[in-house]
Amino acid sequence: MQDVKQSKNLTIRPLILLISLAGFLTVYLTGLARSQSLTWVSVSSTVALVLLLTAGLVIEHLLNRQVKDDEPAAIYEPMDNRSSEQRPG
């Protein structure tokens, strides 16, 4: 019998979270550097965080759906008995 290896479902969620936090900090620090009001900085950086998280999760969902559509339900591979026979030498 053949060994069937199950591939792990790798997620990109840690990367999405990291990019979202980087976007949040970029907007936050840019707002502070430009001497914007604290309210504007807080709201805009929070909106950036939410938008990046949402976009990342949508992209992850689309990638997972595409992978599931490409996988066949079953693969039939007939075993070749001749390869296991010993040939006289």
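This briefing describes the helices of one protein, the residues that line them and the contacts between them. The model is a predicted one. The protein has two helices and zero strands. Of its 89 residues, 11% count as buried.

**Overall picture**

- The accessible surface of the protein comes to about 8,300 Å². Carbon and sulfur atoms account for 61% of that surface.
- Among contacts in the protein with a separation of 6 or more, 63% are between residues 24 or more positions apart.

**Helix H1**

- Helix H1 covers residues 13-33, which makes 21 residues.
- The buried residues of H1 are Ile-16, Ser-20, Gly-23 and Gly-31. They lie on the same side of H1, because they cover an arc of only 60° around the axis.
- The face of H1 turned away from the buried side carries exposed residues, namely Pro-14, Leu-18, Leu-29 and Ala-33.

**The loop after H1**

- Ser-35 is found in the loop between H1 and H2, and its position is just after H1.
- The phi angle of Ser-35 is positive, at about 60°, and this residue is not a glycine.

**Helix H2**

- Helix H2 covers residues 38-70, and Ser-44 is one of its residues.
- Ser-44 has a relative accessibility of 18% and therefore counts as buried, since the cut-off for a buried residue is under 20%.
- The side chain of Ser-44 reaches the backbone oxygen of Trp-40, at a distance of 2.8 Å.
- Leu-53 also belongs to helix H2. Its relative accessible area is 28%, so Leu-53 is partly exposed.

- Leaving aside neighbours within four places in sequence, Leu-53 is in contact with Ile-16, Leu-17 and Ser-20.
- Leu-53 and Ile-19 are 34 residues apart along the chain, and their C-alpha atoms are separated by 8.4 Å.

**The salt bridge**

- How many salt bridges does a search of the whole structure find? The search finds one.
- This salt bridge joins the side chains of Arg-13 and Glu-60, with a distance of 2.9 Å from N to O. Arg-13 lies in helix H1 and Glu-60 in helix H2, so the pair ties together parts that are 47 residues apart in sequence.
- In general, side chains of opposite charge can pair when their charged atoms come close.
- Are the two partners buried or exposed? Arg-13 counts as exposed, at 52% relative accessibility, whereas Glu-60 counts as buried, at 5%.

Conventions
Residues numbered from 1 in each chain as written. Predicted model: local features only at pLDDT ≥ 70, side-chain atom pairs only at ≥ 80, totals over all residues. Heavy atoms only, no water. Helix = DSSP H or I, 4+ residues; strand = E, 2+ residues; numbered from the N terminus. Buried < 20%, exposed > 50% of the residue type's maximum accessible area, 1.4 Å probe, protein only. Polar contact = N/O pair within 3.5 Å; in protein donor to acceptor, adjacent residues only side chain to side chain. Expected span 1.5 Å × (residues − 1). Arc of directions from axis to C-beta. Contact = heavy atoms within 4.5 Å. Salt bridge = Lys/Arg side-chain N within 4 Å of Asp/Glu carboxyl O. Areas by Shrake-Rupley, 256 points an atom, 1.4 Å probe, with all protein chains shown as cover.
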